Structure formats: C-alpha cells, structure tokens
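Notes are below, in the order I looked things up.

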Amino acid sequence: MKNWIDMLYVVLVFLVVSFFLYVLLGGADFGAGIVELFSSKDNQKPIKKTVYEVMGPVWEANHIWIIIMIVILWIGFPMTYNIVVVYLHIPLTLVLLGITLRGAAFIFRHYDAVKGQSSQKLYDNLFRISCLITPIFLGMTFGALVTGDIMLLEDHPGIGFYDAYVHPWLQLFPILIGCFYATLCTFLAAVFLIGEVSDAQREMYIRKGKVAVIAVVVTGFLVLITGFAQGRDFVLDFVRDPFAVCSVVSSAILLYPLWRAIRFGRVERCRFFAGLQVALILFAAAITHFPKVIATTTGKLDFMQNTAPDSVMTVLGWSLIVGGLLIIPGFLHLLKSFHMIKILEKE
C-alpha cells in the first residue's frame with residue numbers, strides 16, 4: 001500500500017528509535033549494577049540506595065523498548081527474526097535469564113520478608129552479576145551477527161551443533177564487542193548518576209565516570225584492532241566509510257567537553273554529551289552496512305529482503321503510531337513525576 005506515507009519507513013523509524021533508547025536507557029540500568037559491582041564495600045551500600053531510588057520507577061518500563069524491537073522484527077522482518085532467534089538462541093536465552101535474575105534480585109533485595117545477611121548478600125550478588133553478564137551477551141549477539149561466521153543450515157546441511165549455534169558468538173571478536181557494550185553501560189550509568197546524588201557523593205561518581213570513559217575507549221580500540229587483524233568486514237568496511245569515520249572522530253572529540261562536564265559536575269551537559277556519543281557510535285556502526293546487517297559465511301543478507309507484505313506493514317505501522325501516542329507521553333510523565341517526587345523529598 002503506497003499512499004501519502006510509506007509504512008515501511010514508519011516501522012523502520014520505530015525500530016531505530018527503540019534500539020537507541022534501549023541501548024541508552026536500558027544500558028544505563030545495567031550499568032548501575034556494574035558500577036555497584038566494581039565499587040568498594042564501603043561505597044556499595046550508598047550506591048545500592050541510589051540505584052534503587054533511580055531505577056525503581058523506570059527499570060521495568062525501559063524493557064518496553066526491547067519488546068517493541070522484538071515485535072517489529074517478528075512481524076515486519078521475519079527472515080531477520082528467524083536467523084537471530086534460531087542461530088543465536090543460546091546467548092539470547094542467557095540474556096533472558098540475566099534480565100529475569102536481575103529483576104527478581106532487584107525486587108527481593110528491597111522487599112525480602114526475611115532481612116537476613118545471607119539472603120541480602122545472595123540478592124546483591126545476583127543483581128550485580130546479572131547486570132554485568134546481560135549486556136555482555138547482548139553485545140556478543142550483535143557481534144555474532146556482523147562477524148560473518150553464521151553458517152545457515154540450508155547452505156551447510158551437514159553442520160554440527162557447535163559450528164551452527166555456538167561458534168558464531170563464542171569467539172574473541174564478539175566477546176570484545178560484548179565487553180565494549182558492558183563498559184558503555186557502565187559509562188552511561190556513572191554519568192547519569194552524577195545528577196542523582198548529593199554533593200557529598202558526587203565526587204565519587206565523577207571519578208567513576210572518568211574511569212568508565214577510559215574503559216570505553218580501551219575496549220573500543222581493542223574491538224577495532226582485533227577486527228582489523230582478523231580481517232572482519234564489519235571493521236574493514238567501517239574504516240573505509242567516511243561517514244562512519246567522521247562519526248567516530250566526532251564522538252572522540254566530544255570526549256573533551258564531556259570530560260570537562262564530568263569534572264565540574266555539569267549534570268545536563270554530561271547526559272547530553274553521553275547520549276550524543278552513543279548516537280554517533282550507533283550511527284557509525286549502522287551507516288556502513290545497512291541494510292546488509294547480517295553477515296554469514298556465504299555473504300551478507302539484506303535486512304530489507306523478505307519483509308512482511310504491504311498490508312501487514314500498514315497495520316504494523318499504524319499500530320506503532322497509535323501505541324507511540326499512548327506510550328511515549330505516559331513514559332515521559334512517569335519520568336517527570338518521580339523526578340518531582342525526588343525534588344520534594346530533598347526539600
């Protein structure tokens with residue numbers, strides 16, 4: 001159905017926006033647990049309190065973005081969805097397990113009927129470790145899609161279980177991408193938390209923000225070096241693309257104003273520069289390969305091939321528009337309401 005608006009592009013916009021928001025907001029939620037995990041015992045207790053106050057209102061709501069992504073892929077892009085859930089079902093299952101454990105631990109460590117030392121220690125460890133492993137496996141899933149080692153069963157009829165379902169994601173390059181995303185989550189959490197604490201605690205988060213910036217740069221450099229050394233098309237095409245290079249350079253240049261904003265505790269500037277850097281990194285990763293985002297041993301698959309029929313895209317597009325008009329204002333109202341509550345509590 002081709003009329004005044006092409007619903008395919010509407011669906012793509014919702015897919016891209018949902019992906020960005022989950023990386024940004026969901027990533028910050030995961031990063032909060034990582035910050036807590038790699039803090040001293042003296043600092044873990046105040047960080048735990050801050051994490052609960054910040055994540056409590058929105059940690060569940062942020063999952064809506066990944067749900068929207070899954071629904072869009074399932075309905076609108078069945079070929080891509082099929083490859084992801086079939087060939088990468090192991091890391092995705094581990095992601096689902098991590099999300100479930102994180103949610104359960106987050107609730108029980110605050111509402112446990114038995115406030116025993118052993119149970120609290122168990123919930124704390126589950127929360128922190130699940131916050132670490134979940135973004136790693138998410139990054140490894142993405143890494144497997146772009147590495148080029150996915151072996152489709154129709155192209156390799158005699159392939160074994162390990163080569164088909166384990167090897168594409170359990171190797172150095174995808175693991176480094178998983179570590180890069182985990183450090184990016186840590187960076188986002190540390191930067192966002194600077195504005196959520198008192199002046200007495202702010203210096204601690206400023207230090208963590210600086211360390212997280214260094215970790216992101218180091219892991220990102222390792223991803224590029226490893227991909228280049230292994231001859232990965234994802235990195236080689238990335239280096240040759242002027243738009244991707246400009247995006248990465250721009251993101252690197254933003255490190256200076258971001259560092260100054262972190263140093264002086266400029267909350268809004270920190271969040272703006274952090275979000276902009278994430279957007280530039282995602283743009284650089286996408287512009288090089290879209291729409292051929294899945295790399296297999298026999299070539300790159302076009303994301304725009306084998307899409308749903310126009311009639312299905314039309315229904316999906318209008319459903320997303322109507323749902324967005326209902327969900328987005330409610331989500332923004334949720335954030336604003338709890339922000340005002342925190343201000344009133346401080347007063």
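**H1 against H3**

I started with packing: helix H1 (residues 7-37) and H3 pack at an angle of about 145 degrees, and their axes are 8 Å apart. This is a predicted model, so I keep that in mind throughout. I then checked the hand, and H1 passes H3 in a left-handed crossing.

Next I listed who touches whom. From H1 I get Val11, Phe14, Leu15, Ser18, Phe19, Leu21, Tyr22 and Leu25, and they meet Trp65, Ile66, Ile68, Met69, Ile72 and Leu73 in H3. By class, the residues of this contact come out as 13 nonpolar, 1 polar and no charged.

**H3 by itself**

H3 covers residues 64-76, which is 13 residues. From first C-alpha to last I get 18 Å, close to the 18 Å expected at 1.5 Å a residue. Which of its residues are buried? My list reads Trp65, Ile66, Ile68, Met69, Ile72, Leu73 and Gly76. Looking down the axis of H3, I see these buried residues fall within an arc of 155 degrees, so they line one face of the helix.

**H2 and its cover**

Helix H2 (residues 41-55) has 15 residues and reaches 20 Å between its end C-alphas, close to the 21 Å expected at 1.5 Å a residue. Here I find Gln44, Ile47, Lys48, Thr50, Val51 and Met55 buried. What covers them? The cover includes H1, helix H5 (89-111), helix H6 (117-147), helix H8 (172-193) and helix H9 (199-229).

**One threonine in H9**

I picked threonine 226, which lies in helix H9. Buried or exposed? Threonine 226 has a relative accessible area of 11%, so it counts as buried, the cut-off being under 20%. Leaving aside neighbours within four places in sequence, I find threonine 226 in contact with Leu172, Phe173 and Leu176.

**H12, two sides**

Last, I went to helix H12 (residues 255-263), where Leu258, Ala261 and Ile262 are buried. Down the axis of H12 these fall within an arc of 100 degrees, so they line one face of the helix. On the other side of H12, I have Tyr256 and Arg263 as exposed. The cover over the buried residues of H12 includes H8, H9 and helix H13 (267-287). Just after H12, I also jotted down glycine 265, which takes a positive phi of about 65 degrees.

Definitions and conventions:
Residues numbered from 1 in each chain as written. Predicted model: local features only at pLDDT ≥ 70, side-chain atom pairs only at ≥ 80, totals over all residues. Heavy atoms only, no water. Helix = DSSP H or I, 4+ residues; strand = E, 2+ residues; numbered from the N terminus. Expected span 1.5 Å × (residues − 1). Buried < 20%, exposed > 50% of the residue type's maximum accessible area, 1.4 Å probe, protein only. Arc of directions from axis to C-beta. Axes fitted to C-alpha atoms, helices over the stretch in contact; angles between N-to-C directions. Left-handed = near helix turned anticlockwise from the far one by under 90°. Contact = heavy atoms within 4.5 Å. Nonpolar A, V, L, I, M, F, W, Y, C, P; charged D, E, K, R; others polar.
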